[in-house]
Amino acid sequence: MDHTAHMQIALAEAGAALGHDDIPVGAVIVGPEGEVVARDHNRREELGDPTAHAELLVLRTAAEAAGTWRLDGHTLVVTLEPCVMCAGAAVNARLDRIVYGAADLKGGGCWSLYNIPQDRRLNHNLEMEAGVMAEECATLLGGFFADRR
């Protein structure tokens, strides 16, 4: 499945994080039929919650909508490679796939530093796709950090 349209939604969500000075990361959960089940962005600053990453917020919303924590058949689409916490949550939610835009060379939990979703020692593994609209995702993040330097 081509997730470009889903990544565009995630990018729009990432832009919304700028409104409350959060790192611009956006995420969507795509259901088995390709429908967007949940969409959100980082809200750590807004909520004062270290776990309010876009990925965790959409996992919670999708689980609530599904009526179960098991999200078999679902895909996480996110603008930045998930961190270890979010990669672990994706494994625990039993997602089928993670699709991300920009790599996170300093904190990536999917391929850059760790490979949590495909670690064969765990009881569930996910498919992964990297680099979807990577340039657009990296540009948004780069602009955010450049403004702070």
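Okay, let's start with Glu-129: at 27% relative accessibility it counts as partly exposed (buried is under 20% relative accessible area, exposed over 50%, partly exposed in between, with a 1.4 Å probe and protein chains only). Before I go on, this is a predicted model, so local features need pLDDT of at least 70 and side-chain atom pairs count only at pLDDT 80 or more, while totals for chains, interfaces and linings use all residues. Residues are numbered from 1 along each chain as its sequence is written, and side-chain values use heavy atoms, leaving out hydrogens and water.

Back to Glu-129. Its side chain meets Arg-97 in a salt bridge, 3.3 Å from N to O (that's a side-chain nitrogen of Lys or Arg within 4 Å of a carboxyl oxygen of Asp or Glu). The pair links distant parts of the chain, with Glu-129 in strand β5 and Arg-97 in strand β4, 32 residues apart (helices, H or I, of at least four residues and strands, E, of at least two are DSSP runs, numbered from the N terminus).

Arg-97 also has a salt bridge with Glu-127, at 2.4 Å. Glu-127 lies in β5 (residues 127–130) and Arg-97 in β4, so this pair ties together parts 30 residues apart in sequence.

How many salt bridges does a search of the whole structure find? Six. Elsewhere, Asp-40, Arg-43 and Glu-46 are linked in a network of them, and there the closest N and O atoms of Glu-46 and Arg-43 are 2.6 Å apart.

Glu-55 is buried yet has no salt bridge; the nearest side chain of opposite charge, Arg-44, is 8.8 Å away (Lys and Arg count as positive, Asp and Glu as negative; His and the chain ends aren't counted). Leaving aside neighbours within four places in sequence, Glu-55 is in contact with Ala-27, Leu-76, Val-78, Leu-80, Pro-82 and Cys-86 (contact means heavy atoms within 4.5 Å).

Leu-76 turns up again in the largest nonpolar core, which has 39 residues (a set of buried Ala, Val, Leu, Ile, Met, Phe, Trp, Tyr and Cys joined through side-chain atoms within 4.5 Å). Along with Met-7, Ile-29, Leu-59, Leu-95 and Ile-98, Leu-76 touches the most other members. The elements giving two or more residues to this core are α1 (4–17), β1 (26–30), α3, β3 (75–80), α4, β4 (97–102) and α5 (134–148).

That's it from me; over to you.
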